Amino acid sequence: MNARLSTLVDHFSERLDEAARTGHAVPQFTEEERFNVEEAYAIQAASIARRLRRGERRTGMKMGFTSRAKMVQMGVHDMIWGRLTDAMAEADGGTVALDRFVHPRVEPEIAFLLKKPLPANVSLAQAADAVLAIAPALEIIDSRYDNFRFSLTDVIADNASSSGYVIGPWADPARDTSNLGLVLSIDGLPRQIGSTAAILGHPLRSLVAAARLSAAAGEPLQAGWIVMAGGATAAEALAPGQHVRCEMQGLGHVEFHA
Ligand code: OOG
Ligand code: MG
């Protein structure tokens, strides 16, 4: 790493880590300094390394902007990814304290639990073969930037807005996940209705992409890891006291109280 990059990485990873720990937003970095996608992932890696040094454990990977609904909502049109840790896991049916977040949102996803590692280049069939179980899931995203606004490189540096994830009941992965209907409800009212087909036409494509991107970063997907395929619909703002639930066709539901 050259001197400029190493200063940039130290500076921004520290600020993002601090913002995430204290729940205080920071201005978008790219208004202050330009950096490219590769540099943004170096900032992300360094900010997660700080969490791991504090004792958090890596649990997997999340994909972002794998559906048009998410790209349109945020105005970002490239696939991104982030690193998940055990501190982000929230219990299905539990209560999620919102005070650690800045401006949390929730979105419906599908999660894959891996039984084997995956190298960079796999077919859909090989990706499917590495899956131990699938589950309906909710991702709680929270941007560390003011007003939840960012450029592509800002959001990559900010670990793709990863903040929390809730996994529903694990199910046999043998079923076809290409087009499962889903409903995201808040306080019993449907707020987003969609299908897993919105995720790259088939959520397994997101797993294939995750394998490629993770391996390219030198951290290939591991047995025991969770991969979140990305929001199937736009995200909804979360407020204290709300009850959030996602029902997914044939897979049951996942829920939490805020
Ligand atoms: C970025 C994260 C995108 C998804 O599922 O598409 C994401 C954001 O929307 O803040 O998690
Ligand atoms: Mg997401």
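**Strand pairing and aromatic rings**

Analyst: Strand β4 and strand β9 (residues 226–228) run antiparallel and are joined by three bridges. Strands pair if DSSP finds at least two bridges between them; helices (H or I, at least four residues) and strands (E, at least two) are DSSP runs numbered from the N terminus. This is a predicted model, in which local features need pLDDT of at least 70 and side-chain atom pairs count only at pLDDT 80 or more, while totals for chains, interfaces and linings use all residues. Residues are numbered from 1 along each chain as its sequence is written, chains are lettered from A and ligands numbered from 1 in the order in which they are written, and side-chain values use heavy atoms, without hydrogens and water.

User: In β9, which residue is the bridge partner of A111?

Analyst: A111 belongs to the residues that point one way from β4, together with R105, E107, E109 and L113. In β9, A111 has as its bridge partner M228.

User: How many bridges join β4 to β5?

Analyst: The two strands run antiparallel. In β5, P108 has L138 as its bridge partner. The number of bridges that join β4 to β5 is ten.

User: How many of the residues of β4 are buried?

Analyst: Buried means under 20% relative accessible area, exposed over 50%, and partly exposed in between (1.4 Å probe, protein chains only). Strand β4 covers residues 105–114 and is mostly covered. The number buried is ten of its ten residues.

User: Is the pair of F29 and Y145 stacked, tilted or edge-to-face, and why?

Analyst: Rings of Phe, Tyr and Trp (its six-membered ring) pair if their centres lie within 6.5 Å; planes under 30 degrees apart count as stacked, over 60 as edge-to-face and the rest as tilted. By this rule there are five aromatic pairs. In one of them, the rings of F12 and F35 have centres 5.7 Å apart and planes at 45°, so that pair is tilted. For F29 and Y145 the centres are 5.4 Å apart and the planes are at 90°, so the pair is edge-to-face.

User: How many residues apart in sequence are the parts that F29 and Y145 tie together?

Analyst: F29 counts as buried at 0% relative accessibility, and Y145 is buried with a relative accessible area of 0%. F29 lies in the loop between α1 and α2, whereas Y145 lies in the loop between β5 (131–141) and α5 (152–157). The separation of these parts is 116 residues.
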